[in-house]
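I opened the model to take notes on its fold and surface. The entries follow in the order I made them.

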Amino acid sequence: MNLKSVILVGLAAAGCWATAGAKGNITGTVLNKDSGEPMDYVNVQIFDKNGKPLQINAVTDEAGHFTLNGIPDGSYSVRITNVGSVNQERPVTVSGKDVDLGQVRLADDAKVLKEVVVEGIRSQMRFELDKKVFQVDNNIASAGASASELLESIPSVEVDQDGAVSLRGNSSVTVWINGKDSGLTADTQGSILEQIPAETIDKIEVITNPSAKYNPEGTAGIINIVLKKNTRAGYYGSAELGANSRGGGNASVNINFNSAKWDLFGSVGFRMRHNKGGSLMNRDFDNGEYVHSIGSSRNHGNNLFVRLGATYHLTDRDDFSLSGFGMFGHRWGHSETNYTSTMPGQWATDLQYSRNKGDMNGAHGEFGYVHRWSDDHKIEASVSFNHWGGPSHNYYSEEEHYAATETEPEPPSTTYRETSMPVNNNGWEAKIDYTNVFNQYLKLEAGFNGNYSRENTPTTTWRGTTQESAELVENLYNRFIYNNNISALYFTLGGRAGIFSYSAGLRAEAWQINTRSLEFGQSESDVTPYKKNKFSLFPSVYMSLSLPHDNELQLNYTRRIRRPWGGQLNSFRDISDPTSISYGNPQLEPQYSNSFELNYLKSWTNHMISVSAYMRQASNITNRVSFMDGDIMYSTWANVSSQINSGVEIVAKNSLFRRVLDLTTTVNLYQNHISAWDLTMRAPSGQNVTMGRGAQNSFAWDARMMANVRLPWGLSLQVTGRYNSEHKEATGSRAAGWSVDAGLRKAFGNWSISLNARDIFDSRKWKSTIYGNGYSQYSENWRGGRTFRITVKYTFGNMKSKRSSDMESEPIEDGSGYGNMEGMGE
């Protein structure tokens with residue numbers, strides 16, 4: 001039977017089931033294991049065999065009783081969760097009559113290490129209709145790490161040496177913090193993620209095909225970093241202290257306090273980092289001439305990360321919240337690069353020594369309000385402000401040697417250059433989200449989302465033969481002002497009818513880009529702004545079919561966009577590299593994509609497999625292009641081509657030897673087609689330069705395996721290996737790469753100690769090749785290298801078994817990484 005027939009049969013079965021299926025009620029009573037007293041305000045949820053929640057839930061009353069009404073015939077799992085208690089799950093089968101679970105006794109969480117009442121397995125990796133969720137708070141790799149390093153442990157996610165994030169081999173990905181961009185732009189993303197302690201992160205959501213509810217920015221999807229906010233009754237916290245083999249270290253403290261009226265949390269973390277890196281570049285021309293370079297660098301940094309937040313439960317229906325986080329970071333470093341050249345009229349060797357220092361300070365503040373008419377009917381509103389910026393200074397000294405003439409050798413030429421570029425980014429975001437679950441067949445979501453950002457970054461350059469003689473160079477001054485205002489309305493309709501689930505939505509966005517590039521002595525009123533006003537619609541469709549024997553099919557479609565960011569639009573010329581001058585292109589157009597995914601899920605008792613077939617068609621691909629003008633290479637951005645990317649992503653989870661060994665394996669196989677393109681640009685000399693390449697078809701793949709092993713004596717071992725094959729791009733290719741990380745944890749009481757080894761074989765390098773008219777260029781970059789880290793953690797608290805109805809439930813915990821997957825049977 002083909003797929004179309006299966007879907008049609010499934011839809012017909014869904015209709016029959018929805019009209020004729022029998023239903024029953026599930027009842028029970030929740031008691032405290034030690035005291036035997038009834039427990040009120042305990043959450044009771046029901047999940048199907050694939051781990052998906054039904055739109056039916058209950059809360060226990062004063063006598064501890066609960067009732068789940070109108071449950072269709074079938075096999076389910078009832079999850080009973082209470083913050084401060086060891087949560088439980090009970091399998092249940094409904095067959096046309098009511099089911100009584102009897103008494104369910106919950107043990108206090110404080111005793112879970114001494115008395116295992118329920119073998120609860122925390123869902124460290126779970127699939128939802130539109131996203132994959134990775135619970136990372138217990139991941140061994142998070143001990144003493146940064147957010148950037150933790151992201152590298154997530155399947156299909158890559159982070160390069162500059163901190164740029166990519167998903168499924170595509171760098172057009174949006175990164176959020178707590179569901180908001182929080183000021184993370186392509187310019188600031190790397191430095192901000194490097195300052196966030198992994199200890200503060202609760203989970204990471206990977207949304208490869210986001211619905212119309214979400215911002216459509218990023219053709220590859222969205223990665224949402226969710227910071228910790230414990231809601232255990234009473235108080236709870238942890239402290240962490242670590243050091244690494246490169247002289248770096250970290251220290252952090254987190255604390256939460258919750259009562260019937262207040263939820264309070266706070267954390268402070270300090271990170272000190274030191275690393276070394278290097279680079280190699282070989283630019284070879286068809287006529288035998290070349291420009292080569294090799295360099296080394298050392299970089300250092302200190303930063304302080306602070307989070308504070310409070311939620312006040314005014315009534316059972318109304319919550320007010322105020323939260324924020326701030327970073328205060330300082331960095332410094334130096335590098336040395338040797339250039340050699342055989343280009344006519346150019347130096348034969350150039351030794352460049354550079355120093356850099358700067359600050360990255362910022363803050364994000366948010367005020368929110370929630371009103372609930374019921375558990376399934378609510379409205380949420382929030383407004384947030386973020387600021388990121390700080391001074392940035394770079395100092396360059398060069399010693400150029402020219403080839404000797406027939407009469408006498410050329411004396412060396414020395415130059416000194418200094419640049420100052422203080423970053424100044426500000427942004428506002430406003431959100432209103434309305435949700436109403438009318439019944440299991442119909443759920444409505446609608447809302448407004450506004451993002452309004454402004455960048456104002458001046459660049460000043462001084463030049464001379466020495467630092468003392470350096471003078472301001474007026475024609476190298478630039479002040480770039482970039483305003484990006486986006487307003488959006490959206491709605492989605494979804495629901496479930498028997499074995500069929502659906503969600504469809506539409507998002508309408510209007511945005512205005514306004515840029516100015518000012519020269520020395522100019523004010524904003526002196527320069528006519530470059531403006532673009534755009535409007536576009538972004539539809540999304542999701543369908544899911546639950547088939548017999550724990551099989552599930554999901555089909556979805558979304559339309560997305562990648563807007564040019566500030567640095568890509570700034571026409572100012574950067575001369576920091578003596579062999580290449582780079583600048584932006586204010587004429588860049590947005591890149592649009594249409595994305596389709598078909599997902600298949602199958603689960604067994606100790607195994608699970610997910611197969612996702614996807615196709616992404618993108619137009620107006622934005623790529624960096626390079627060309628020669630005389631003996632100087634120029635590099636800029638352009639819309640060069642269209643692209644079709646299709647592939648299969650396989651995620652397998654296997655629990656072996658009675659869950660002593662958990663294996664999570666991800667394999668991504670994809671075919672990339674880049675259409676032929678040609679482009680004519682006007683060079684600085686006034687000549688027209690034509691560039692282009694023929695159509696390209698390439699196959700690439702990447703694989704990642706994480707093994708979590710429970711060893712004797714309370715030890716846990718985690719080993720992660722990665723491999724990425726060669727990847728073709730519009731202007732060249734990226735070479736294959738691999739790495740291996742490992743971690744060991746020992747827990748004893750409230751204490752734990754972790755030992756991590758990052759990049760064990762010192763293999764993390766980024767290698768690429770680009771092709772131009774009459775030349776090719778091969779580059780290597782590396783940073784960090786093999787690093788060992790030791791971290792000690794202490795947890796404390798006074799959690800209560802009873803809580804208010806306002807508090808959120810927590811999943812069941814274990815001590816592994818994100819290896820356990822919701823939907824796997826017991």
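**Entry 1: the whole chain**

I began with burial: 53% of the 826 residues of the chain count as buried, meaning under 20% relative accessible area, with exposed over 50% and partly exposed in between (1.4 Å probe, protein chains only). This is a predicted model, where local features need pLDDT of at least 70 and side-chain atom pairs count only at pLDDT 80 or more, while totals for chains, interfaces and linings use all residues. I number residues from 1 along each chain as its sequence is written, and side-chain values use heavy atoms, with hydrogens and water left out.

I then looked up the secondary structure. The chain comes to 4 helices and 47 strands. These are DSSP runs, numbered from the N terminus (helices H or I, at least four residues; strands E, at least two). The accessible surface is about 35,000 Å², and 55% of that belongs to carbon and sulfur atoms; the areas come from the Shrake-Rupley method with a 1.4 Å probe, and for residues only the protein chains shown count as cover. I also checked contact range. Among contacts between residues at least 6 apart in sequence, 68% join residues at least 24 apart. Contact here means heavy atoms within 4.5 Å.

I traced an open sheet of 4 strands, with antiparallel pairing and the order 3-2-5-6. Two strands pair if DSSP finds at least two bridges between them. Strand 3 (53-59) and strand 6 (88-94) stand at the edges, and each has a single partner strand, so one side of each lacks a neighbour in the sheet. The twist averages 25° from one strand to the next; axes are lines fitted to C-alpha atoms, for helices over the stretch in contact, and angles run from 0 to 180 degrees between N-to-C directions. I followed one pairing further. F47 has P53 in strand 3 as its bridge partner.

**Entry 2: a covered strand**

I moved on to strand 12 (residues 173-177), where 5 of its 5 residues are buried. In a regular strand the side chains alternate between the two faces of the sheet. Both faces of strand 12 are covered: V173, V175 and I177 are buried on one side, T174 and W176 on the other. Strand 12 runs parallel to strand 14 (residues 221-227), with 5 bridges joining them. V175 has I223 in strand 14 as its bridge partner.

I looked up K532, in strand 29. K532 counts as buried at 11% relative accessibility. Leaving aside neighbours within four places in sequence, K532 contacts W511, Q512, I513, P586, Q587, L588 and E589. N514 is 18 residues from K532 in sequence, and their C-alpha atoms are 6.7 Å apart.

Next came T665, in strand 36 (residues 661-674). T665 also counts as buried, at 19% relative accessibility.

**Entry 3: a nonpolar patch**

Which residues form a nonpolar patch on the surface? I found F438, Y441, L442, F491, L493, L506, F535 and L537, with about 690 Å² of accessible area together. Strand 27 (478-497) and strand 29 (530-547) each give two or more residues to the patch. I checked F438, which lies in strand 24 (residues 423-439). F438 is partly exposed, with a relative accessible area of 48%.

Conventions
Patches are made of residues with over 30% relative accessible area and no salt bridge: like charges are joined within 9 Å, nonpolar side chains (Val, Leu, Ile, Met, Phe, Trp, Tyr) within 5 Å. A salt bridge is a side-chain nitrogen of Lys or Arg within 4 Å of a carboxyl oxygen of Asp or Glu.
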